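Hi there,

Here is the structure I promised to pass on. Have a look at it first, and then read my notes below.

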Amino acid sequence: MLFTIEQSRLLKTLQIVERAVNDRSALPILANILLEITDRELVCTATDLDVGVRYQLPLANVTEPGTATLPARRLSALVRELPEELVTVEAKKNHAATVSCGSSQFRIPGLPPEDFPTFPVLEQAAGLEISAQVLRTMITQTAFAMSMEATRFVLNGALVKYSDATITLAATDGRRLAVASTTVPPARTSALQVIVPSKAIRELGRLLQDSETDEVRIVPLQDNQLLFRFGGITVLTRLVDGQFPQYDNVIPQPSPTTIQCDRAVFASAVRRVSLMTTATSQAVVFELSKDRLVISKDTPELGSAREELPAAYQGAPATIAFNPEYWLDVLKVLESADVTIEVSAPDKPAVIRLPGFLYIVLPMKLA
């Protein structure tokens with residue numbers, strides 16, 4: 001294998017795939033990146049057996065096709081330090097590779113390419129398509145609500161559902177729920193309802209941030225796998241086994257009692273008051289009265305905070321406690337200038353409803 005490429009292009013390629021690498025696996029090959037040179041492109045692949053990322057980069061000239069697997073972190077760190085000049089990579093039969101740039105030359109030992117896990121070949125498999133920008137927004141609107149508790153494995157990811165030309169993403173940690181949905185062109189695939197693990201969701205969101213592609217193709221595969229393809233990037237993920245909660249059953253009916261306020265002002269007030277919370281005392285108090293919202297927190301060891309802000313509210317006076325992080329997470333992903341929250345009762349969930357988006361957060365008990 002022998003090819004020459006600009007340093008910036010090679011570094012970008014490695015950065016795209018290297019986060020799928022597992023340095024702590026019992027299998028040494030999983031700490032490596034697979035480099036494949038065909039007659040027209042460089043293909044880089046990394047996987048931890050749960051999530052895999054492949055990037056196909058067209059090359060103007062290929063000197064010698066071939067394959068090699070090299071340590072991901074070492075190769076990426078080395079290329080990052082090279083000057084912005086042409087880089088030549090040559091792999092020998094002993095699995096080692098030589099990386100040359102200007103007057104610099106490095107030898108990196110590798111592992112047999114045949115030991116690297118196989119990546120499925122995608123040809124004309126049935127799938128569905130969605131706008132890359134829309135999918136990126138849907139991930140942003142839901143990923144923060146995924147559970148981080150290892151014991152609740154079915155919540156350690158997001159539900160991806162396709163039915164009746166509608167794609168839905170839903171995530172919950174049991175105390176809040178975020179749901180985003182959009183219509184898409186009818187697909188050549190049957191209804192889909194799977195749980196995509198949190199790592200795959202976050203990696204997909206990260207890669208879509210930098211992608212200039214217009215469409216994402218989603219393809220269900222055998223062996224409980226799902227594939228996302230956009231531009232030259234392919235993300236392959238194993239799916240979470242289990243049943244995602246039937247969240248439709250917990251969505252409250254629309255409440256006529258709402259509070260409306262400036263989103264940025266609301267977020268700033270919640271953030272400041274949250275400085276008075278502790279790990280054992282997280283609840284922040286929301287006091288609702290006519291055209292006013294008071295947010296407060298009193299913690300004996302830290303002190304107290306009180307923020308009063310104007311708000312459109314016409315319901316009966318109410319006092320509700322919330323985890324402030326649950327509001328800060330959603331407020332920073334919304335784009336509207338104002339936010340409207342349904343509040344039916346102090347012991348009932350609060351709801352944000354927008355076209356294509358739903359957010360539910362449970363109140364906390366007042367001390």
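Predicted model: local features only at pLDDT ≥ 70, side-chain atom pairs only at ≥ 80, totals over all residues.

Threonine 168, for example, has serine 181 in β12 as its bridge partner.

How do the two helices meet? Two packed helices are described by the angle between their axes and the distance between those axes. For α5 and α6 the angle is about 145° and the axes are 10 Å apart. Arg263, Phe266, Ala267, Val270 and Arg271 of α5 make the contact with Pro324, Trp327, Leu328 and Leu331 of α6. Sorted by class, that contact of α5 with α6 has seven nonpolar residues, two charged ones and no polar ones.

Now for the charged side chains. Side chains of opposite charge can pair when their charged atoms come close. The structure holds 18 salt bridges. One of them joins arginine 73 to aspartate 23, with the closest N and O atoms 2.7 Å apart. Arginine 73 is in helix α2 (residues 72-81) and aspartate 23 is in the loop between α1 (7-17) and β2 (32-37), so this pair ties together parts that are 50 residues apart in sequence. Both also belong to a network of salt bridges linking Glu18, Asp23, Arg73 and Arg80.

A second salt bridge is between glutamate 36 and arginine 54, at 3.5 Å from N to O. Glutamate 36 lies in strand β2 and arginine 54 in strand β4 (residues 51-58), so the pair ties together parts 18 residues apart in sequence. Is arginine 54 buried or exposed? With 18% relative accessibility, arginine 54 counts as buried, because buried means under 20%. Glutamate 36, at 23%, is partly exposed.

Enjoy exploring!

Notes: Residues numbered from 1 in each chain as written. Heavy atoms only, no water. Pairing = 2+ DSSP bridges. Helix = DSSP H or I, 4+ residues; strand = E, 2+ residues; numbered from the N terminus. Axes fitted to C-alpha atoms, helices over the stretch in contact; angles between N-to-C directions. Contact = heavy atoms within 4.5 Å. Nonpolar A, V, L, I, M, F, W, Y, C, P; charged D, E, K, R; others polar. Salt bridge = Lys/Arg side-chain N within 4 Å of Asp/Glu carboxyl O. Buried < 20%, exposed > 50% of the residue type's maximum accessible area, 1.4 Å probe, protein only.
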